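Visitor: Show me the model, please. I want to know what stands behind each label you use.

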Amino acid sequence: MYRIKTFNKISPVGLNKFDPEHYAVSDSETNEDGILVRSAKLLDYEFPNSLLAIARAGVGVNNIPIDRCSQAGIAVFSTPGANANAVKELVLCAMLMGSRDVSGAIDWVRDQVAAGVDVTTVVEKGKSAFVGPELYKKSLGVIGLGAIGSLVANLALSLGMDVYGYDPYLSVDAALRLDRHIHVVKDVGELYKRADYITIHIHFTDKTKGMIDEKAIAAMKRGVRFINLARGEIVDDDAMLSALDTGWVAAYITDFPNNRLVQHPHVVAMPHLGASTPESEQNCAAMAVDELRDYLENGNIRNSVNLPAVSMERSGVMRMCIIHKNVPAMLANITILLSKDGVNVENLSNKSKGELAYTMVDLGTQVGQAVIEDVRNLANIIRVRVIE
């Protein structure tokens, strides 16, 4: 029986994937094997020794102590792409709101009525304050061409926009998703100088913190409209506010409001609505549960933020899953040890990610606890688990 602890409300679409005969799911579980979480902060949460994995129903994992999880051999999963369509649609909304002051226009109409004015007599004159450009034949720059960025780029192309994309880590799968008419540039500076609108879809890391700074903004076209539905910290607020004051940036549309930004007349701030659709929540929950189940039951890793992607069809009579440091000779040490104990290796897969590596070994014979302990006692081993 696997014990799953939930934080936040997880969609039943995901929870119903757990077989009640093999899973106990509760928000009050103790000594849990797995955790399902959305936005709850686990930074100070004391993980039990039994915990094997955390699945985040979403993309951002800044609420999870990744380093601490890695040291303890806890796999951390996210759900990239599950909310991509929801964010894509909000980007379209953001581009429209950044072009025409739609929210301001709506407020103006309501203000007229509240003041006792017959609004039908003033709309033709009043609408001039809210005029803005069309998207058609304008240029869009998309920074980050992953699950969300590729959808946004293709959508913009269908609207008649000229689309430039930048992603130094563009995967083959992502490249195949892109329409051939999208200009993929190798230098973000080329995107900056061409784009009338820029939208950013990258992860927040130490390297991307403050990436959109004074220098980056100065390289953009005057009057650019900038959309940030990724993470607030990627944009330097001081630089952005200064550019808005001078008109170098015509509008900043962000899903990460703060008191300084909201007070600026050319900022459109939303309360983190990117993935706030019932469809997105269902998709994220279902994907998180699938990842968690596959890891607990088979040891397979998909979409982990701290461990490499490793999947292998089951063979043999039992599977040994080993998380270890990414140092030389580890694979040799493991296989030599198993051969000394007379254990036949049916199949094996090994991959690394940064300082960590993961090895799955399918064994042709049952092994006793003594063999497992021998592997566990090897230098640089972090965690050993056996699945029968």
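Visitor: What makes strands β9 and β10 a pair?

Guide: Bridges do. Strand β9 (residues 197-200) is joined to β10 by 4 bridges, and the two run parallel. DSSP must find at least two bridges between strands for a pair. With 4, β9 and β10 therefore qualify. One of the contributors is T199, whose bridge partner in β10 is I227.

Visitor: What are these values based on?

Guide: This is a predicted model, in which local features need pLDDT of at least 70 and side-chain atom pairs count only at pLDDT 80 or more, while totals for chains, interfaces and linings use all residues. Residues are numbered from 1 along each chain as its sequence is written, and side-chain values use heavy atoms, with hydrogens and water left out.

Visitor: Which sense does the pairing of β10 with β11 have, parallel or antiparallel?

Guide: Parallel, over 5 bridges, with β11 covering residues 249-254. V224 has V249 as its bridge partner in β11.

Visitor: What makes a stretch a strand or a helix?

Guide: DSSP runs decide. A helix is a run of H or I of at least four residues, a strand a run of E of at least two, and both are numbered from the N terminus. The protein has 14 helices and 16 strands.

Visitor: Why is the unit of β10, α10 and β11 called right-handed?

Guide: Helix α10 (residues 237-246) belongs with β10 and β11 in a β-α-β unit. Point the strands away from you. The path from the first strand over the helix to the second must run clockwise. The unit is right-handed, so its path does run clockwise in that view.

Visitor: What makes β10 mostly covered?

Guide: Of its 5 residues, 5 are buried. Buried means under 20% relative accessible area; exposed is over 50%, and partly exposed is in between (1.4 Å probe, protein chains only). V224, F226 and N228 cover one side of β10, R225 and I227 the other.

Visitor: Why does S99 count as buried?

Guide: S99 has a relative accessible area of 5%, so it falls under the 20% limit. S99 lies in helix α3. Contact means heavy atoms within 4.5 Å. Beyond four places in sequence, S99 contacts V131, G132, P133, L135, Y197 and R225.

Visitor: How far is S99 from T79?

Guide: They are 20 residues apart in sequence and 31 Å apart in space, C-alpha to C-alpha.

Visitor: What makes a space in the model a pocket?

Guide: The search uses a 1 Å grid over the protein atoms alone. A pocket is an open set of points with protein on both sides within 12 Å along at least five of seven lines; a cavity is a set where a 1.4 Å probe fits but cannot get out. Lining residues have an atom within 4 Å of a point. The second largest pocket has a volume of about 330 Å³. Of its 19 lining residues, the closest to its centre are M97, D101, P265, H266 and V268. Volume is the space filled by probe spheres set on the points, which are joined across faces, edges and corners. α3, β11 and β12 (267-269) each supply at least two lining residues.

Visitor: Why is S78 called buried?

Guide: Its relative accessibility is 6%, so S78 counts as buried. S78 sits in the loop between β5 (75-77) and α3 (84-99). Its contacts beyond four places in sequence include R56, E291 and N303.
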